[in-house]
Amino acid sequence: MKVVVIQGPNLNMLGLREQNIYGPMKLEEIHAQMKAFAEQNGMEIEFFQSNLEGEIVDKIQECLGDANGIIINPAAYTHTSIAIRDAIAAVQLPTIEVHISNIYRREEFRHKSLIAPVCAGQISGFGPFSYHLAMVAMLQIFNEMKALQEAQKQQQA
Ligand code: DQA
């Protein structure tokens with residue numbers, strides 16, 4: 001089972017950017033931890049970061065037929081992008097929305113996520129550990145998908 005991790009604008013600047021909000025960890029370090037978790041649990045993983053809305057839409061579309069699930073931090077596009085929301089709805093893959101900061105404790109314009117209604121769930125506010133929690137949740141979703149497929153196979157036999 002393969003998960004694609006999609007990182008939105010300015011997340012390439014983690015470690016430099018607003019450390020009081022996002023902490024000192026770099027994106028590569030977060031990805032290294034996620035990769036280790038994936039390997040330990042027999043999951044395939046791919047990482048993608050872009051500052052461009054259209055490139056994120058393209059990547060979500062490419063997940064169709066290639067991935068079993070998506071973990072996405074849409075960053076600022078969380079609050080603005082109907083295009084990213086529609087792409088997630090179109091591919092119909094289980095998707096988990098992640099935020100490092102607790103978007104509900106911040107400015108009011110961050111309280112609204114256009115993405116959350118088309119996701120399996122949202123994790124927000126646990127620092128870089130939010131990504132680990134998303135991996136645990138994705139593993140659970142994959143296990144449930146496998147169990148369902150097995151049950152369907154047995155019914156057909
Ligand atoms: C963020 C929260 C967004 O509001 C913000 O625009 C980001 C990062 C987070 O991970 O906490 O860039 O998605």
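Modeller: Let us begin with a definition: a residue is buried under 20% relative accessible area, exposed over 50%, and partly exposed in between, with a 1.4 Å probe and protein chains only. Helices (H or I, at least four residues) and strands (E, at least two) are DSSP runs, numbered from the N terminus. This is a predicted model, in which local features need pLDDT of at least 70 and side-chain atom pairs count only at pLDDT 80 or more, while totals for chains, interfaces and linings use all residues. Residues are numbered from 1 along each chain as its sequence is written, and side-chain values use heavy atoms, with hydrogens and water left out.

Colleague: Which residues of helix α4 are buried?

Modeller: In α4, residues 82–91, the buried ones are I84, A87, I88 and V91. They lie on the same side of α4 because they cover an arc of only 95° around the axis, the arc being that of the directions from the helix axis to the C-beta atoms. I82 and A90, on the other side of α4, are exposed.

Colleague: What covers the buried residues of α4?

Modeller: Contact means heavy atoms within 4.5 Å. The cover includes α3 (53–62), β3 (69–73) and β4 (95–99).

Colleague: What is found at the start of α4, and which residue follows the helix?

Modeller: A polar contact is a pair of N or O atoms within 3.5 Å; within protein, one must be able to donate a hydrogen and the other to accept it, and residues adjacent in sequence count only if both atoms are side-chain atoms. At the start of α4, the backbone nitrogen of A83 has a side-chain oxygen of S81 within 3.5 Å. Q92 follows α4, and its phi is positive, near 55°.

Colleague: Which residues are around the ligand?

Modeller: A residue is near a molecule if one of its heavy atoms lies within 4 Å of it. Those around the ligand are R17, Y22, N73, A75, A76, H79, H99, I100, S101, I103, R106 and R110. Polar side-chain atoms lie 2.8 Å from an oxygen atom of the ligand in N73, 2.8 Å in H99 and 2.9 Å in R110.

Colleague: Where is S101 found?

Modeller: S101 is in the loop between β4 and β5 (121–124). At 8% relative accessibility, S101 is buried. Its side chain makes a polar contact of 2.9 Å with that of R106. Apart from neighbours within four places in sequence, S101 is in contact with I21, Y22, R106, S124 and G125.
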